[in-house]
Amino acid sequence: MIIRREYLLHEKENIAKMGWALILRGIIFNLLSIFLIKIIGNEGIVLSISSTIAIVPVLIYIGKDTMIENIKKKNKAFGLLDILFFLGIILLFSSVFSPVFDNIEKILNIYGFTSISSTEAVSSSDSLMMIIYIVLIAPVVEEVIYRAVVMRSIEKYSPSAAIISSAVIFGTMHKNITQTPASIIAGLILAYAAYRYSIKFSIIIHILNNLIGQLARITSKMSIEIFSLYTIILYLFILIAIISFIIIKRRTIRCYIKNIFLDSARKHRQEKIIKGKETIKVFFTSKSIIILIIIDLLITIYQIKTIS
């Protein structure tokens, strides 16, 4: 009982420190972006520099050796089929839920508001540096922060809690009312990918997902025919990737399903659920995490503007 109490105390202290590091990271990123945009002007360069420098407080919190260890940690080797499957899952959820989340913007429009202005600042530029930032720099930085640091730090207490917790603050970090729900779902998939395989694996998935998003935006500006063709190819890719994975991995999937119904597995799973709930409670009741989420939500609300 005493050991468990000390364990929980260590868990609370660890999560509290992490929260303050993330808050400081957000402050540095925003102040640097505001300062540098007046000097440099190019948003892609500004965001690349700001996001890279702002990661310092998080690196100090986790420590150099632990960071390297977290990034190198590999639970399972992955291949091309694994990449295609997880990428297909993210794209599938994005395709299914995007129309739902787009309705949030429509509801805002009815009352004379919009959230588009806040996303345009990130995605409207066609400069090479902005594309490099969105496709390469942002995915690497975000995976290091939210998977290599946040998820790995909580993983030792409860893997399921680590996946859920990191996904939620990854979503709120986007600070946009239509992007946040979609980012939480993507965060769950990326976090599971990092836990099941490695951080390297989730970085690859994240980069490819952002690349596909950028290609969709570019083709949408060309012509309706090109964009329609791109969309059809994308849906075919999703279908083929998921079906191929299920067929090739059918034995592994069958064994996994059988284990779910075993009494021993059920008891172990129940213990993991209880531990996961405890960790999630500790995480979301931590003062620093509460402040972090409140800041993100306040900025999200502030980003909503009246339609001009």
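Predicted model: local features only at pLDDT ≥ 70, side-chain atom pairs only at ≥ 80, totals over all residues.

User: Which helix holds I60, and what do I60 and other residues form on the surface?

Analyst: Helices (H or I, at least four residues) and strands (E, at least two) are DSSP runs, numbered from the N terminus. The chain has 14 helices and two strands, and I60 is found in helix α3. A nonpolar patch joins Val, Leu, Ile, Met, Phe, Trp and Tyr side chains within 5 Å, from residues with over 30% relative accessible area and no salt bridge. In this model, F35, I39, I40, I49, I53, V56 and I60 form such a patch, with about 640 Å² of accessible area together (Shrake-Rupley method, 1.4 Å probe). Helices α1, α2 and α3 each give two or more residues to the patch.

User: How many residues does the largest nonpolar core have?

Analyst: In soluble globular proteins, nonpolar side chains tend to be buried together. A nonpolar core is a set of buried Ala, Val, Leu, Ile, Met, Phe, Trp, Tyr and Cys residues joined through side-chain atoms within 4.5 Å. The largest one here has 36 residues, and L22 is among those with the most contacts inside it. Helix α7 provides the largest share of this core, 10 residues. Leaving aside residues up to four places away in sequence, L22 touches V58, I145, V150, I169 and L292, a contact being heavy atoms within 4.5 Å.

User: How many salt bridges are found in the whole structure?

Analyst: A salt bridge is a side-chain nitrogen of Lys or Arg within 4 Å of a carboxyl oxygen of Asp or Glu. The whole structure contains four. One of them joins E143 and R147 (2.6 Å, N to O); both residues are buried. Another links K175 with D296 (3.4 Å, N to O). K175 lies in the loop between α8 and α9 and D296 in helix α14, so this pair ties together parts that are 121 residues apart in sequence.

How values were computed
Residues numbered from 1 in each chain as written. Heavy atoms only, no water. Buried < 20%, exposed > 50% of the residue type's maximum accessible area, 1.4 Å probe, protein only. Patch = residues over 30% accessible without salt bridge, like charges linked within 9 Å, V, L, I, M, F, W, Y side chains within 5 Å.
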